[in-house]
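Morning, everyone. Please look at the sequence and the model on the screen.

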Amino acid sequence: MRIARANTKAINYACKNFHYSKSVPAVQYGYNVYNDNDEWCGVILYGGGANNNMPKSFGKNAGEVLELVRVALNGKQETTSKAVAMSLKQLHKDNPLCEIVVSYADHRQKHLGTIYQATNWIYVGKTITSDTQYFYKGKWTHERTINAQKNKEQLKATLPKRENSNKFKYVFCFNKRERKEYLKIALPYPKDKDLTECKD
């Protein structure tokens, strides 16, 4: 298995065809994943996330905290966890200033964060997402997309919407000393039973 930097075409295709959201996030670092037969398997993407204040919440400056915003793969990869681990290693080479990566597992998709558990991320608890989603053009869409439309008020008044929901939050620390600090507040990894306790 190998990875390489992904271009916009590969990112767009993988997100729209291999990821349940069918949407393309803002990306700062994107990596193609190839299996041992050198078949393209999709992309793993990192970005600043939806919350511009995310670095401050970790006591960091801009650029020191990134979010794993997509794992959009077609299933041809040998192991997803290995692909994520390889992408993290390459991310640290490409951006040595990045100290922490954060990611979220969406309970609506029955995701517990198994990939993060397999790659030794630290689980820090459930969080409430700050976005309201609207069902627009056949899919659940972030409120930012609706706000960009000229008739946004009409859309908000008529489109089906769903409220904020719990997500499982994980962090990955490149610095061993900082990892030890986060391990002090780490919680047990979520299990199947934890899905029933989340807000729909």
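Contact here means heavy atoms within 4.5 Å. Helices (H or I, at least four residues) and strands (E, at least two) are DSSP runs, numbered from the N terminus. This is a predicted model: local features need pLDDT of at least 70, side-chain atom pairs count only at pLDDT 80 or more, and totals for chains, interfaces and linings use all residues. Residues are numbered from 1 along each chain as its sequence is written, and side-chain values use heavy atoms, with hydrogens and water left out.

Take α1. Which residues of α1 are buried (under 20% relative accessible area; exposed is over 50%, partly exposed in between; 1.4 Å probe, protein chains only)? They are A10, I11, A14 and C15. They cover an arc of only 120° around the axis, so they sit on the same side of α1. That arc is taken from the directions from the helix axis to the C-beta atoms. The buried residues pack against β2 (29–34), β3 and β4 (65–73). On the other side of α1, T8 and K9 are exposed.

Now the rings. Rings of Phe, Tyr and Trp (its six-membered ring) pair if their centres lie within 6.5 Å; planes under 30 degrees apart are stacked, over 60 edge-to-face, the rest tilted. The count is 12 aromatic pairs. One of them, F18 with W40, is tilted: 5.7 Å centre to centre, 45° between the planes. F18 lies in helix α1 (residues 8–18) and W40 in strand β3 (residues 40–47), so the pair ties together parts 22 residues apart in sequence. F18 is partly exposed, at 25% relative accessibility. Ring pairs also link a cluster: Y116, W121, Y123, F168, Y170, F172, F174 and Y189.
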